[in-house]
Amino acid sequence: MLQQILRDMYIDPELLAELNEEQKQILFYKMREEQLRRWKEREEKARMEEAMLRKTARRKQSNGKHVQWLRGKDGEVWVWVMGEAPGDKPYEQISEELIAERARQQAQKEAEELWRQKEAEITKKFRDAMAQEKARIVAEKWKIEIEDRKAAKLEEEKIQEELKKREEEERQKGEEQIRQQEEIRARELYLSLKQAQQHSQHSDDDQEWEEQLRRSKAADEERSHKARRARDEYRRQSLRAIQKGRVAGLSNLFQGTSLNNDQEIKLNNNSASPLLSQLLAFQCSNIWERPSRPFSRDVIIRWFKEEQIPRRAGFERCSNRIAQWFHGIISRQEAEELLMNKSEGTFLVRVSEKIWGYALSYRQQSGFKHFLVDASGDFYSFLGVDPNRHATLTDLIDFHKEEIITSSGGELLLEPCGQQKNPPDYSPLFE
(Lines give C-alpha, C1' and ligand atoms only; values in the text may rest on other atoms or scores of the structure.)
Protein backbone atom coordinates (compact mmCIF):
# COMPACT_ATOMS: atom_id res chain seq x y z
CA MET A 1 0.00 0.00 0.00
CA LEU A 2 2.82 2.42 0.88
CA GLN A 3 4.66 1.59 -2.35
CA GLN A 4 1.51 2.30 -4.37
CA ILE A 5 1.07 5.67 -2.65
CA LEU A 6 4.69 6.63 -3.35
CA ARG A 7 4.41 5.47 -6.95
CA ASP A 8 1.23 7.50 -7.64
CA MET A 9 2.16 10.36 -5.22
CA TYR A 10 -1.52 10.36 -4.27
CA ILE A 11 -3.53 9.12 -1.30
CA ASP A 12 -7.27 8.78 -1.29
CA PRO A 13 -8.91 11.43 0.97
CA GLU A 14 -10.94 8.76 2.78
CA LEU A 15 -7.78 6.77 3.48
CA LEU A 16 -5.98 9.95 4.61
CA ALA A 17 -8.80 10.64 7.06
CA GLU A 18 -8.15 7.25 8.68
CA LEU A 19 -4.55 8.21 9.52
CA ASN A 20 -3.69 9.98 12.76
CA GLU A 21 -1.28 12.92 12.96
CA GLU A 22 1.87 10.80 13.45
CA GLN A 23 1.01 8.58 10.49
CA LYS A 24 0.37 11.64 8.32
CA GLN A 25 3.73 13.20 9.23
CA ILE A 26 5.73 10.07 8.47
CA LEU A 27 3.81 9.54 5.22
CA PHE A 28 4.61 13.14 4.26
CA TYR A 29 8.28 12.55 5.05
CA LYS A 30 8.41 9.48 2.80
CA MET A 31 6.56 11.29 -0.03
CA ARG A 32 8.98 14.19 0.28
CA GLU A 33 11.92 11.81 -0.02
CA GLU A 34 10.37 10.35 -3.17
CA GLN A 35 9.87 13.85 -4.61
CA LEU A 36 13.53 14.69 -4.00
CA ARG A 37 14.65 11.44 -5.60
CA ARG A 38 12.55 12.13 -8.70
CA TRP A 39 13.76 15.72 -8.87
CA LYS A 40 17.41 14.66 -8.72
CA GLU A 41 16.78 12.06 -11.39
CA ARG A 42 15.07 14.65 -13.60
CA GLU A 43 17.86 17.19 -13.05
CA GLU A 44 20.49 14.62 -13.96
CA LYS A 45 18.60 13.73 -17.12
CA ALA A 46 18.29 17.41 -18.08
CA ARG A 47 22.01 17.94 -17.45
CA MET A 48 22.88 15.03 -19.70
CA GLU A 49 20.54 16.30 -22.42
CA GLU A 50 22.06 19.78 -22.21
CA ALA A 51 25.58 18.34 -22.49
CA MET A 52 24.47 16.34 -25.52
CA LEU A 53 23.01 19.47 -27.15
CA ARG A 54 26.24 21.39 -26.56
CA LYS A 55 28.23 18.55 -28.04
CA THR A 56 25.94 18.47 -31.08
CA ALA A 57 26.21 22.26 -31.50
CA ARG A 58 30.00 22.09 -31.44
CA ARG A 59 29.92 19.33 -34.02
CA LYS A 60 27.67 21.39 -36.31
CA GLN A 61 29.88 24.44 -35.86
CA SER A 62 32.95 22.45 -36.80
CA ASN A 63 31.22 21.51 -40.08
CA GLY A 64 31.43 25.15 -41.27
CA LYS A 65 27.87 26.29 -40.47
CA HIS A 66 27.48 29.84 -39.18
CA VAL A 67 24.92 32.57 -38.55
CA GLN A 68 24.25 35.07 -41.35
CA TRP A 69 22.88 38.44 -40.27
CA LEU A 70 20.12 40.22 -42.17
CA ARG A 71 21.47 43.35 -43.85
CA GLY A 72 19.79 46.56 -44.94
CA LYS A 73 20.02 48.55 -48.16
CA ASP A 74 23.18 50.22 -46.92
CA GLY A 75 24.88 46.86 -46.55
CA GLU A 76 25.04 47.10 -42.77
CA VAL A 77 23.40 44.74 -40.29
CA TRP A 78 19.70 45.61 -40.05
CA VAL A 79 18.86 46.84 -36.55
CA TRP A 80 15.60 48.20 -35.11
CA VAL A 81 15.66 50.07 -31.81
CA MET A 82 12.36 50.77 -30.11
CA GLY A 83 11.74 54.51 -29.93
CA GLU A 84 14.24 55.40 -32.63
CA ALA A 85 12.32 54.27 -35.72
CA PRO A 86 10.25 56.79 -37.71
CA GLY A 87 7.01 57.54 -35.87
CA ASP A 88 8.24 56.08 -32.54
CA LYS A 89 8.36 58.27 -29.45
CA PRO A 90 11.71 58.33 -27.65
CA TYR A 91 11.87 56.22 -24.52
CA GLU A 92 12.67 59.26 -22.41
CA GLN A 93 9.55 61.04 -23.67
CA ILE A 94 7.34 58.04 -22.93
CA SER A 95 8.81 57.76 -19.45
CA GLU A 96 8.36 61.51 -18.84
CA GLU A 97 4.72 61.36 -19.98
CA LEU A 98 3.95 58.39 -17.73
CA ILE A 99 5.54 60.03 -14.69
CA ALA A 100 3.75 63.33 -15.37
CA GLU A 101 0.40 61.53 -15.73
CA ARG A 102 0.90 59.63 -12.50
CA ALA A 103 1.84 62.84 -10.68
CA ARG A 104 -1.20 64.67 -12.12
CA GLN A 105 -3.60 61.90 -11.10
CA GLN A 106 -2.17 61.70 -7.57
CA ALA A 107 -2.32 65.49 -7.16
CA GLN A 108 -5.88 65.58 -8.50
CA LYS A 109 -6.89 62.85 -6.06
CA GLU A 110 -5.35 64.72 -3.13
CA ALA A 111 -6.96 68.01 -4.28
CA GLU A 112 -10.38 66.38 -4.42
CA GLU A 113 -9.94 65.06 -0.91
CA LEU A 114 -8.86 68.52 0.35
CA TRP A 115 -11.80 70.15 -1.41
CA ARG A 116 -14.27 67.75 0.18
CA GLN A 117 -12.89 68.62 3.60
CA LYS A 118 -12.90 72.35 2.83
CA GLU A 119 -16.44 72.25 1.46
CA ALA A 120 -17.67 70.42 4.53
CA GLU A 121 -16.06 73.03 6.78
CA ILE A 122 -17.58 75.93 4.78
CA THR A 123 -21.04 74.37 4.72
CA LYS A 124 -20.97 73.69 8.45
CA LYS A 125 -19.65 77.16 9.21
CA PHE A 126 -22.38 79.05 7.36
CA ARG A 127 -25.14 76.68 8.35
CA ASP A 128 -24.31 77.29 12.00
CA ALA A 129 -24.05 81.05 11.42
CA MET A 130 -27.42 81.16 9.66
CA ALA A 131 -29.07 79.11 12.40
CA GLN A 132 -27.64 81.38 15.11
CA GLU A 133 -28.72 84.54 13.28
CA LYS A 134 -32.20 83.19 12.71
CA ALA A 135 -32.50 82.23 16.37
CA ARG A 136 -31.34 85.70 17.38
CA ILE A 137 -33.86 87.45 15.13
CA VAL A 138 -36.69 85.22 16.27
CA ALA A 139 -35.81 85.87 19.90
CA GLU A 140 -35.63 89.66 19.41
CA LYS A 141 -38.71 90.04 17.21
CA TRP A 142 -40.90 87.51 18.93
CA LYS A 143 -42.93 90.14 20.79
CA ILE A 144 -43.12 92.64 17.92
CA GLU A 145 -46.49 93.37 16.30
CA ILE A 146 -47.55 91.74 13.00
CA GLU A 147 -46.51 94.88 11.03
CA ASP A 148 -42.99 94.64 12.36
CA ARG A 149 -42.71 90.89 11.57
CA LYS A 150 -42.69 91.66 7.84
CA ALA A 151 -39.72 93.96 8.31
CA ALA A 152 -38.04 91.26 10.36
CA LYS A 153 -38.62 88.81 7.53
CA LEU A 154 -37.08 91.21 5.00
CA GLU A 155 -34.12 91.76 7.27
CA GLU A 156 -33.68 88.00 7.66
CA GLU A 157 -33.74 87.50 3.88
CA LYS A 158 -31.23 90.32 3.44
CA ILE A 159 -28.90 88.72 5.99
CA GLN A 160 -29.31 85.33 4.32
CA GLU A 161 -28.42 86.78 0.93
CA GLU A 162 -25.37 88.43 2.42
CA LEU A 163 -24.31 85.18 4.09
CA LYS A 164 -24.79 83.26 0.83
CA LYS A 165 -22.72 85.83 -1.02
CA ARG A 166 -19.96 85.53 1.55
CA GLU A 167 -20.21 81.73 1.34
CA GLU A 168 -19.83 81.84 -2.46
CA GLU A 169 -16.84 84.15 -2.18
CA GLU A 170 -15.25 81.82 0.38
CA ARG A 171 -15.92 78.84 -1.85
CA GLN A 172 -14.22 80.52 -4.81
CA LYS A 173 -11.30 81.47 -2.61
CA GLY A 174 -11.06 77.91 -1.31
CA GLU A 175 -11.19 76.47 -4.83
CA GLU A 176 -8.39 78.77 -5.93
CA GLN A 177 -6.27 77.71 -2.95
CA ILE A 178 -6.94 74.05 -3.66
CA ARG A 179 -6.07 74.52 -7.34
CA GLN A 180 -2.76 76.19 -6.46
CA GLN A 181 -1.97 73.44 -3.93
CA GLU A 182 -2.80 70.83 -6.57
CA GLU A 183 -0.34 72.36 -9.05
CA ILE A 184 2.39 72.59 -6.41
CA ARG A 185 1.70 69.05 -5.24
CA ALA A 186 1.79 67.73 -8.82
CA ARG A 187 5.24 69.23 -9.35
CA GLU A 188 6.47 67.80 -6.03
CA LEU A 189 5.10 64.34 -6.82
CA TYR A 190 6.57 64.46 -10.32
CA LEU A 191 10.05 65.13 -8.93
CA SER A 192 9.75 62.58 -6.10
CA LEU A 193 8.40 59.86 -8.41
CA LYS A 194 11.13 60.49 -10.92
CA GLN A 195 13.78 60.24 -8.19
CA ALA A 196 12.21 57.18 -6.60
CA GLN A 197 11.87 55.44 -9.96
CA GLN A 198 15.61 54.87 -10.12
CA HIS A 199 15.78 53.37 -6.61
CA SER A 200 12.48 51.54 -6.25
CA GLN A 201 12.98 49.19 -9.18
CA HIS A 202 15.65 47.28 -7.30
CA SER A 203 14.60 47.90 -3.70
CA ASP A 204 10.99 46.67 -4.20
CA ASP A 205 12.17 43.49 -5.89
CA ASP A 206 14.74 42.92 -3.14
CA GLN A 207 12.17 43.40 -0.37
CA GLU A 208 9.68 41.06 -2.01
CA TRP A 209 12.39 38.47 -2.60
CA GLU A 210 13.57 38.71 1.02
CA GLU A 211 10.01 38.30 2.30
CA GLN A 212 9.48 35.23 0.13
CA LEU A 213 12.84 33.84 1.25
CA ARG A 214 11.91 34.37 4.89
CA ARG A 215 8.59 32.58 4.51
CA SER A 216 10.19 29.77 2.56
CA LYS A 217 12.85 29.30 5.25
CA ALA A 218 10.20 29.25 7.99
CA ALA A 219 8.17 26.64 6.11
CA ASP A 220 11.30 24.54 5.47
CA GLU A 221 12.23 24.68 9.15
CA GLU A 222 8.73 23.54 10.13
CA ARG A 223 8.82 20.67 7.63
CA SER A 224 12.34 19.72 8.75
CA HIS A 225 11.20 19.66 12.38
CA LYS A 226 8.29 17.36 11.56
CA ALA A 227 10.46 15.15 9.35
CA ARG A 228 13.09 14.92 12.12
CA ARG A 229 10.42 13.76 14.55
CA ALA A 230 9.24 11.19 12.01
CA ARG A 231 12.79 9.88 11.50
CA ASP A 232 13.38 9.67 15.27
CA GLU A 233 10.15 7.72 15.69
CA TYR A 234 11.13 5.40 12.84
CA ARG A 235 14.56 4.68 14.36
CA ARG A 236 13.16 4.24 17.85
CA GLN A 237 10.66 1.63 16.72
CA SER A 238 13.25 -0.23 14.65
CA LEU A 239 15.75 -0.36 17.54
CA ARG A 240 13.21 -1.57 20.06
CA ALA A 241 11.91 -4.22 17.69
CA ILE A 242 15.42 -5.57 17.19
CA GLN A 243 16.08 -5.55 20.94
CA LYS A 244 12.89 -7.47 21.63
CA GLY A 245 13.64 -10.02 18.93
CA ARG A 246 10.20 -9.65 17.41
CA VAL A 247 11.40 -8.89 13.87
CA ALA A 248 12.70 -11.81 11.82
CA GLY A 249 12.72 -13.31 8.36
CA LEU A 250 9.07 -13.29 7.45
CA SER A 251 9.10 -16.03 4.87
CA ASN A 252 10.46 -18.56 7.39
CA LEU A 253 7.98 -17.39 10.00
CA PHE A 254 5.08 -17.77 7.64
CA GLN A 255 6.29 -21.23 6.63
CA GLY A 256 6.17 -22.13 10.30
CA THR A 257 2.72 -20.64 10.85
CA SER A 258 0.97 -21.54 7.58
CA LEU A 259 -1.47 -24.35 7.61
CA ASN A 260 -1.15 -27.01 4.95
CA ASN A 261 -3.47 -29.88 4.27
CA ASP A 262 -1.73 -32.20 6.76
CA GLN A 263 -2.10 -29.59 9.49
CA GLU A 264 -5.77 -29.23 8.68
CA ILE A 265 -6.23 -32.96 9.21
CA LYS A 266 -4.25 -32.72 12.46
CA LEU A 267 -6.44 -29.89 13.70
CA ASN A 268 -9.55 -31.91 12.92
CA ASN A 269 -8.14 -34.95 14.75
CA ASN A 270 -7.19 -32.83 17.77
CA SER A 271 -10.71 -31.40 18.24
CA ALA A 272 -9.96 -28.18 16.36
CA SER A 273 -12.73 -25.69 15.82
CA PRO A 274 -15.22 -26.99 13.21
CA LEU A 275 -15.62 -23.41 12.03
CA LEU A 276 -11.90 -23.04 11.28
CA SER A 277 -11.76 -26.40 9.49
CA GLN A 278 -14.71 -25.47 7.31
CA LEU A 279 -13.09 -22.17 6.28
CA LEU A 280 -9.76 -23.82 5.53
CA ALA A 281 -11.48 -26.30 3.28
CA PHE A 282 -13.27 -23.43 1.51
CA GLN A 283 -9.93 -21.70 0.97
CA CYS A 284 -8.65 -24.59 -1.08
CA SER A 285 -11.77 -24.82 -3.25
CA ASN A 286 -11.45 -21.59 -5.27
CA ILE A 287 -8.70 -19.58 -6.96
CA TRP A 288 -8.42 -16.10 -5.45
CA GLU A 289 -6.96 -13.03 -7.13
CA ARG A 290 -6.92 -9.95 -4.95
CA PRO A 291 -8.01 -6.61 -6.53
CA SER A 292 -5.81 -3.53 -6.15
CA ARG A 293 -8.02 -2.22 -3.34
CA PRO A 294 -11.25 -3.27 -1.55
CA PHE A 295 -14.42 -2.04 -3.20
CA SER A 296 -17.18 -3.99 -1.43
CA ARG A 297 -17.85 -5.95 1.77
CA ASP A 298 -18.11 -9.20 -0.18
CA VAL A 299 -14.60 -8.72 -1.59
CA ILE A 300 -13.26 -7.94 1.90
CA ILE A 301 -14.87 -11.08 3.32
CA ARG A 302 -13.43 -13.16 0.46
CA TRP A 303 -9.98 -11.65 1.07
CA PHE A 304 -10.17 -12.44 4.78
CA LYS A 305 -11.17 -16.04 4.14
CA GLU A 306 -8.61 -16.60 1.40
CA GLU A 307 -5.57 -14.84 2.87
CA GLN A 308 -6.04 -14.03 6.54
CA ILE A 309 -7.53 -17.17 8.04
CA PRO A 310 -4.57 -19.29 6.83
CA ARG A 311 -2.35 -16.80 8.71
CA ARG A 312 -4.52 -17.17 11.82
CA ALA A 313 -5.47 -13.50 11.80
CA GLY A 314 -7.84 -12.76 14.68
CA PHE A 315 -7.09 -16.01 16.55
CA GLU A 316 -5.38 -16.36 19.89
CA ARG A 317 -1.76 -17.45 19.71
CA CYS A 318 -2.02 -21.04 20.94
CA SER A 319 -5.68 -21.87 20.40
CA ASN A 320 -8.41 -21.79 17.81
CA ARG A 321 -10.52 -19.27 19.70
CA ILE A 322 -11.14 -15.78 18.31
CA ALA A 323 -9.14 -13.15 20.19
CA GLN A 324 -11.14 -10.90 22.47
CA TRP A 325 -9.81 -7.76 20.75
CA PHE A 326 -10.82 -8.89 17.24
CA HIS A 327 -13.87 -7.36 15.52
CA GLY A 328 -15.36 -7.58 12.06
CA ILE A 329 -16.09 -4.93 9.43
CA ILE A 330 -17.33 -2.09 11.64
CA SER A 331 -17.02 1.65 11.14
CA ARG A 332 -14.91 4.12 13.09
CA GLN A 333 -18.05 5.48 14.78
CA GLU A 334 -19.10 2.00 15.92
CA ALA A 335 -15.59 1.38 17.27
CA GLU A 336 -15.66 4.62 19.25
CA GLU A 337 -19.10 3.73 20.67
CA LEU A 338 -17.68 0.40 21.89
CA LEU A 339 -14.72 2.20 23.53
CA MET A 340 -16.75 5.15 24.87
CA ASN A 341 -17.07 4.05 28.49
CA LYS A 342 -13.77 2.17 28.64
CA SER A 343 -10.60 3.15 30.47
CA GLU A 344 -7.47 4.53 28.84
CA GLY A 345 -5.46 1.84 27.06
CA THR A 346 -8.47 -0.19 25.93
CA PHE A 347 -8.26 -1.21 22.28
CA LEU A 348 -9.84 -3.28 19.51
CA VAL A 349 -8.84 -4.36 16.01
CA ARG A 350 -11.40 -4.12 13.19
CA VAL A 351 -11.23 -5.11 9.53
CA SER A 352 -10.65 -2.00 7.40
CA GLU A 353 -12.85 -1.02 4.46
CA LYS A 354 -10.19 1.32 3.02
CA ILE A 355 -7.10 -0.89 2.64
CA TRP A 356 -6.19 -4.57 2.67
CA GLY A 357 -5.63 -4.65 6.38
CA TYR A 358 -7.03 -3.57 9.71
CA ALA A 359 -7.62 -0.53 11.89
CA LEU A 360 -6.57 -0.49 15.53
CA SER A 361 -8.86 1.77 17.57
CA TYR A 362 -7.40 2.99 20.85
CA ARG A 363 -9.04 4.72 23.84
CA GLN A 364 -6.98 7.56 25.26
CA GLN A 365 -7.82 9.92 28.08
CA SER A 366 -8.98 12.78 25.85
CA GLY A 367 -10.62 10.79 23.06
CA PHE A 368 -9.73 8.12 20.52
CA LYS A 369 -6.93 7.25 18.12
CA HIS A 370 -7.05 5.03 15.03
CA PHE A 371 -4.04 3.35 13.42
CA LEU A 372 -4.12 1.58 10.06
CA VAL A 373 -2.44 -1.84 9.90
CA ASP A 374 -1.18 -2.82 6.45
CA ALA A 375 -1.65 -6.51 5.63
CA SER A 376 -1.29 -6.29 1.85
CA GLY A 377 2.13 -8.00 1.89
CA ASP A 378 3.41 -11.03 3.74
CA PHE A 379 3.67 -9.15 7.05
CA TYR A 380 1.72 -6.85 9.39
CA SER A 381 2.80 -3.30 10.21
CA PHE A 382 1.31 0.08 11.06
CA LEU A 383 0.95 2.28 7.98
CA GLY A 384 3.41 5.16 8.38
CA VAL A 385 4.01 4.93 12.15
CA ASP A 386 5.74 1.64 12.97
CA PRO A 387 8.43 0.35 10.56
CA ASN A 388 8.48 -3.02 12.31
CA ARG A 389 7.17 -5.98 10.35
CA HIS A 390 5.42 -8.71 12.29
CA ALA A 391 4.76 -12.23 11.12
CA THR A 392 1.21 -12.35 12.50
CA LEU A 393 -1.41 -9.92 13.66
CA THR A 394 -1.17 -11.39 17.16
CA ASP A 395 2.58 -10.67 17.19
CA LEU A 396 1.88 -7.00 16.44
CA ILE A 397 -0.65 -6.77 19.27
CA ASP A 398 1.59 -8.55 21.80
CA PHE A 399 4.56 -6.38 20.81
CA HIS A 400 2.70 -3.15 21.59
CA LYS A 401 1.44 -4.45 24.89
CA GLU A 402 5.01 -3.83 26.07
CA GLU A 403 6.25 -1.17 23.64
CA ILE A 404 4.48 2.13 22.95
CA ILE A 405 3.17 2.80 19.45
CA THR A 406 4.36 6.42 19.21
CA SER A 407 6.73 8.38 21.44
CA SER A 408 4.49 11.44 21.40
CA GLY A 409 1.32 9.60 22.43
CA GLY A 410 2.81 6.80 24.55
CA GLU A 411 0.05 4.33 23.55
CA LEU A 412 0.24 0.91 25.25
CA LEU A 413 -2.32 -1.82 24.52
CA LEU A 414 -3.57 -2.64 28.01
CA GLU A 415 -7.12 -3.97 27.86
CA PRO A 416 -8.91 -5.61 24.90
CA CYS A 417 -12.46 -4.50 24.08
CA GLY A 418 -14.71 -7.48 23.47
CA GLN A 419 -18.05 -8.03 21.73
CA GLN A 420 -21.34 -6.47 22.81
CA LYS A 421 -23.58 -8.10 20.21
CA ASN A 422 -24.88 -11.60 19.68
CA PRO A 423 -24.01 -12.93 17.17
CA PRO A 424 -20.57 -11.20 17.15
CA ASP A 425 -19.83 -8.56 14.48
CA TYR A 426 -17.14 -10.84 12.99
CA SER A 427 -19.64 -13.63 12.20
CA PRO A 428 -19.81 -12.88 8.41
CA LEU A 429 -16.04 -13.43 8.19
CA PHE A 430 -16.31 -17.01 9.43
CA GLU A 431 -19.57 -18.18 7.87
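Student: How many helices and strands does the protein have?
Tutor: The protein has 11 helices and 5 strands; helices (H or I, at least four residues) and strands (E, at least two) are DSSP runs, numbered from the N terminus. The model is predicted: local features need pLDDT of at least 70, side-chain atom pairs count only at pLDDT 80 or more, and totals for chains, interfaces and linings use all residues. Residues are numbered from 1 along each chain as its sequence is written, and side-chain values use heavy atoms, with hydrogens and water left out.

Student: What is the order of the strands in the sheet?
Tutor: The order is β4-β3-β2-β1-β5, in an open sheet of 5 strands with mixed pairing. Its edge strands, β4 (381-382) and β5 (415-416), each pair on one side only. Two strands pair if DSSP finds at least two bridges between them.

Student: And β2 with β3: parallel or antiparallel?
Tutor: Strands β2 (residues 357-364) and β3 (residues 367-374) run antiparallel and are joined by 8 bridges. Alanine 359, for instance, has leucine 372 in β3 as its bridge partner.

Student: Which strands does helix α9 touch?
Tutor: Helix α9 (residues 297-308) packs on the sheet and touches β1 (346-351) and β2, where contact means heavy atoms within 4.5 Å. The direction of α9 makes about 100° with that of β2. Axes are lines fitted to C-alpha atoms, for helices over the stretch in contact, and angles run from 0 to 180 degrees between N-to-C directions.

Student: What about α11, which strands does that one touch?
Tutor: Helix α11 (residues 393-402) also packs on the sheet, touching β1, β2, β3 and β4. Its direction makes about 160° with that of β1.

Student: Back to α9. Why is it described as largely enclosed?
Tutor: Helix α9 is largely enclosed by the rest of the structure because 9 of its 12 residues are buried. Buried means under 20% relative accessible area, exposed over 50%, and partly exposed in between (1.4 Å probe, protein chains only). Among the buried residues of α9 are Trp303, Phe304 and Glu306.

Student: Which residue forms a salt bridge with glutamate 306?
Tutor: Arginine 302 does, with the closest N and O atoms 2.9 Å apart. A salt bridge is a side-chain nitrogen of Lys or Arg within 4 Å of a carboxyl oxygen of Asp or Glu. Arginine 302 counts as partly exposed at 25% relative accessibility, whereas glutamate 306 counts as buried at 6%.

Student: How many salt bridges are found in the whole structure?
Tutor: A search of the whole structure finds 22. One of them joins aspartate 398 and lysine 401 (3.6 Å, N to O), which both lie in helix α11, 3 residues apart. Salt bridges that share partners also join Glu34, Arg37, Arg38 and Glu41 into one network.

Student: Changing topic: which residues make the nonpolar surface patch?
Tutor: Val67, Trp69, Val77, Val79 and Val81 make a patch of about 520 Å². Patches are made of residues with over 30% relative accessible area and no salt bridge; like charges are joined within 9 Å, and nonpolar side chains (Val, Leu, Ile, Met, Phe, Trp, Tyr) within 5 Å. Accessible areas come from the Shrake-Rupley method with a 1.4 Å probe; for residues, only the protein chains shown count as cover.

Student: Where is valine 81 found?
Tutor: Valine 81 is in the loop between α3 (21-62) and α4 (91-141), and counts as partly exposed at 38% relative accessibility.
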